[in-house]
Amino acid sequence: MRIGYVRRVKSRVLALSVLVACTPSSVSDAEKKGNVSWLAQNGSGEAVAALGRLADEDKSAQKALDSIAQNLAQTYATTG
């Protein structure tokens with residue numbers, strides 16, 4: 001019974017470490033990995049610029065930029 005518990009704990013630790021290793025640590029890392037969702041959530045100027053570079057070849061990056069532009073337009077229209 002103890003061996004099964006140890007195996008479950010080890011597999012969970014391994015799964016968590018793999019998940020953390022796949023998460024970008026910076027905008028440049030996310031751009032290299034093509035992680036559009038991370039860049040879109042980051043929202044910084046640097047991230048938007050990276051999305052623009054990715055959008056040349058990646059349709060999901062184009063959609064993310066369109067969404068950001070629409071959100072900005074709506075924000076400025078309501079606060080303007």
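Is Lys-33 buried, partly exposed or exposed, and what is its relative accessibility? Lys-33 counts as partly exposed, with a relative accessibility of 42%. The legends below describe a predicted model.

**Figure 1. Overall view of the predicted protein.** The protein contains 5 helices and 0 strands. Along the sequence, the pattern reads α-α-α-α-α. Of the 80 residues in the protein, 18% are buried. The accessible surface amounts to about 6,100 Å², and carbon and sulfur atoms account for 58% of that surface. Among contacts between residues at least 6 apart in sequence, 10% join residues at least 24 apart.

**Figure 2. Close-up of the salt bridge between Lys-33 and Asp-29.** This pair is one of 2 salt bridges in the structure. The closest N and O atoms of Lys-33 and Asp-29 lie 3.5 Å apart. Both residues belong to helix H2, which spans residues 27–33. Because Lys-33 and Asp-29 are 4 residues apart in this helix, about one helical turn separates them. Lys-33 is partly exposed at 42% relative accessibility, whereas Asp-29 counts as buried at 19%. Asp-29 is placed in the buried class because that class covers values under 20%.

**Figure 3. Close-up of the salt bridge between Arg-53 and Glu-31.** Here the closest N and O atoms are 2.8 Å apart. The pair links distant parts of the chain, since Arg-53 lies in helix H4 (residues 45–55) and Glu-31 in helix H2, 22 residues apart. Arg-53 has a relative accessible area of 46% and is therefore partly exposed.

Definitions and conventions: Residues are numbered from 1 along each chain as its sequence is written. This is a predicted model: local features need pLDDT of at least 70, side-chain atom pairs count only at pLDDT 80 or more; totals for chains, interfaces and linings use all residues. Side-chain values use heavy atoms; hydrogens and water are left out. A salt bridge is a side-chain nitrogen of Lys or Arg within 4 Å of a carboxyl oxygen of Asp or Glu. Helices (H or I, at least four residues) and strands (E, at least two) are DSSP runs, numbered from the N terminus. Buried means under 20% relative accessible area, exposed over 50%, partly exposed in between (1.4 Å probe, protein chains only). Contact means heavy atoms within 4.5 Å. Accessible areas come from the Shrake-Rupley method with a 1.4 Å probe; for residues, only the protein chains shown count as cover.
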